[in-house]
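I opened the model today to look up salt bridges, the nonpolar core and strand pairing. My entries are below.

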Amino acid sequence: MAYDVQKTDEQWREELTAEEYAVLRQAGTERAFTGEYTDTETEGTYSCKACGSELFTSDTKFHSGCGWPSFYQPMTDTIEYIEDNSGGMKRVEVRCATCGSHLGHVFPDGFGTPTGDRYCINSISITLKET
């Protein structure tokens, strides 16, 4: 897919820390319960750390207990969905639709939420702009 923000691998490596690069550009995962936004209740908008595209709002964030920030829906057309069968699991990877950076996965187990979905997002993939 062609993205609005396109950079070379070298440019991404220069702009991101090694940890950010491993998650955002290589589809890694930060350890559970270690991310900055796992338990935050601060109001604002969450954007892609790689390109700044707005992805989620705090009013769709909920405490799922999974160890990563969880949201029940993204902002309109901000997410790309990719089938992910790695590691012997069948899941759906979510990427930033603007730059293609890996954010996390979406699962149909957001019980008690309006959508029934749980977007399990790496804190290292996003930045919070407080309102």
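**Ground rules.** I am working on a predicted model, where local features need pLDDT of at least 70, side-chain atom pairs count only at pLDDT 80 or more, and totals for chains, interfaces and linings use all residues. I number residues from 1 along each chain as its sequence is written, and side-chain values use heavy atoms, with hydrogens and water left out.

**Record.** I checked UniProt, where an unreviewed entry places "domain: MsrB" at residues 9-131. Positions there are in the numbering used here, feature names are shortened, and annotations may be inferred rather than shown by experiment. Over residues 9-131 I read 11% helix and 33% strand. The end C-alpha atoms of that stretch sit 33 Å apart. Helices (H or I, at least four residues) and strands (E, at least two) are DSSP runs, numbered from the N terminus.

**Salt bridges.** How many salt bridges does the structure hold? I find six. The term means a side-chain nitrogen of Lys or Arg within 4 Å of a carboxyl oxygen of Asp or Glu.

I started with Asp-9 and Arg-13, whose side chains meet at 3.1 Å, N to O. Both residues lie in helix 1 (residues 9-15), four residues apart, about one turn of the helix. I then looked up exposure: buried means under 20% relative accessible area, exposed over 50%, and partly exposed in between (1.4 Å probe, protein chains only). Asp-9 is partly exposed at 41%. Arg-13 is partly exposed at 47%.

Next came Glu-20 and Lys-49, a salt bridge at 3.6 Å, N to O. This pair links distant parts of the chain, 29 residues apart. Glu-20 is in helix 2, and Lys-49 is in the loop between strand 1 (44-48) and strand 2 (54-57). Helix 2 spans residues 18-24.

Is Glu-20 buried or exposed? Glu-20 counts as buried because its relative accessibility is 13%. Lys-49 is partly exposed at 27%. I also listed the contacts of Glu-20 (heavy atoms within 4.5 Å). Leaving out residues up to four places away in sequence, Glu-20 touches Arg-25, Lys-49 and Ile-124.

Arg-91 and Asp-84 make another salt bridge, with the closest N and O atoms 3.4 Å apart. Asp-84 is buried, at 10% relative accessibility.

**Core.** A nonpolar core is a set of buried Ala, Val, Leu, Ile, Met, Phe, Trp, Tyr and Cys residues joined through side-chain atoms within 4.5 Å. The largest one here has 21 residues. Which residues have the most contacts inside it? They are Leu-55, Phe-56 and Ile-121. Several elements each supply at least two residues of this core, among them helix 2, strand 8 (118-121) and strand 9 (126-130). Beyond four places in sequence, Leu-55 touches residues including Tyr-46, Met-75, Cys-96 and Ile-126.

**Strands.** Two strands pair if DSSP finds at least two bridges between them. Strand 5 (residues 79-84) pairs with strand 6 in the antiparallel sense over six bridges. The two form a hairpin with six residues between them, and Gly-87 in the turn has a positive phi of about 65°.

Strand 6 also pairs antiparallel with strand 7, over four bridges. That hairpin has five residues between its strands, and Gly-100 in the turn has a positive phi of about 80°.
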